[in-house]
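Good morning, everyone, and thank you for letting me take a few minutes of the meeting.

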Amino acid sequence: DAFSALSTTQRGEDYQRLQTLGIERAISEQKAVIRQGANVIEKKIIRNSGRFRYVILHQTPDLHFFSHPLALCKLALFLVEYLNVNTSFPLIHISNLSLSYQETNRKQKPFLICAKNEVKNTYLVVGITSMDKVQSAEVQGIQFLPSLPSCVIAYTSSNNSNFGRKFRQAALRTGAHICHHGFDSAVVEVSADDIFKFVEFIQST
């Protein structure tokens, strides 16, 4: 529908309908990113594992929007940029299996975000590099939100290989059932029954 809506060969009512539908969906998704990002920030559910930061999303009204990697990536970028510019934001620091709120090192770290797909009973998992590794380059057409810097995240080979390698190791060592999305090794789908041991293994590596 999206490609058809933008086609210059389409004319008439069907073309107008598809174009309007595409614009409305894009607006709805963008609003969902802002709402969910604000919810994560307000409830302070970003976890700091030491090597990276992560969020696990479930039971939220906008969850269905984040069953697609692009939407989930936009949310991750929104949260990473927020962390970088708000030094007073308290993270949940994980140490010896205990959780405590405290001011954390502002060093930029890789970020992992997991969103539950209630229909499939799986989690979509997206890993991105820290913002200090972001290059101003158009890669895969994924742009920052308008409120963020006017550059595009660079899904570099090192980002894909690092997260891709960790994801494969986690699946092998924990027996987690995973499925890769497309050609991006930094995007996987994990069974809901396996998500916590999957993330726990990545924390320890």
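Predicted model: local features only at pLDDT ≥ 70, side-chain atom pairs only at ≥ 80, totals over all residues.

Residues are numbered from 1 along each chain as its sequence is written, and side-chain values use heavy atoms, with hydrogens and water left out.

Let me begin with the rings. Rings of Phe, Tyr and Trp (its six-membered ring) pair if their centres lie within 6.5 Å, and planes under 30 degrees apart count as stacked, over 60 as edge-to-face and the rest as tilted. By this rule there are 3 aromatic pairs. In one of them, Phe163 and Phe167 have ring centres 5.7 Å apart and planes at 40°, so this pair is tilted. Both sit in helix α4 (residues 157-174), 4 residues apart, which is about one helical turn; helices here are DSSP runs of H or I with at least four residues, strands are runs of E with at least two, and both are numbered from the N terminus. Why does that spacing matter for direction? An α-helix has 3.6 residues a turn, so residues three or four places apart point the same way.

Phe167 is buried, with a relative accessible area of 0%, where buried means under 20%, exposed over 50% and partly exposed in between, using a 1.4 Å probe and protein chains only. Phe167 also makes a tilted pair with Phe198, at 5.6 Å centre to centre and 35° between the planes. That pair links distant parts of the chain, since Phe198 belongs to helix α5 (residues 195-204), 31 residues away from Phe167. Phe198 is buried as well, at 0%, and ring pairs join Phe163, Phe167 and Phe198 into a cluster.

Now for the cores. A nonpolar core is a set of buried Ala, Val, Leu, Ile, Met, Phe, Trp, Tyr and Cys residues joined through side-chain atoms within 4.5 Å. Which members of the largest core, with its 26 residues, touch the most other members? They are Leu79, Phe111 and Ile113. Helix α3 (69-85) is one of the elements that supply at least two residues of this core, and α3 gives the most, with 10 residues. A second, separate core of 20 residues includes Tyr54, Ile56, Tyr123 and Ala192.

Just after α2, Lys44 takes a positive phi of about 55°.

Finally, the salt bridges, each of which is a side-chain nitrogen of Lys or Arg within 4 Å of a carboxyl oxygen of Asp or Glu. By this rule the count is 5. In one of them Asp62 meets Arg35, with the closest N and O atoms 2.8 Å apart. Asp62 lies in the loop between β2 and α3 and Arg35 in helix α2, so the pair ties together parts that are 27 residues apart in sequence. Asp62 is buried, at 11% relative accessible area, whereas Arg35 is partly exposed, at 42%. Another salt bridge joins Asp194 and Lys197 at 3.5 Å, N to O.
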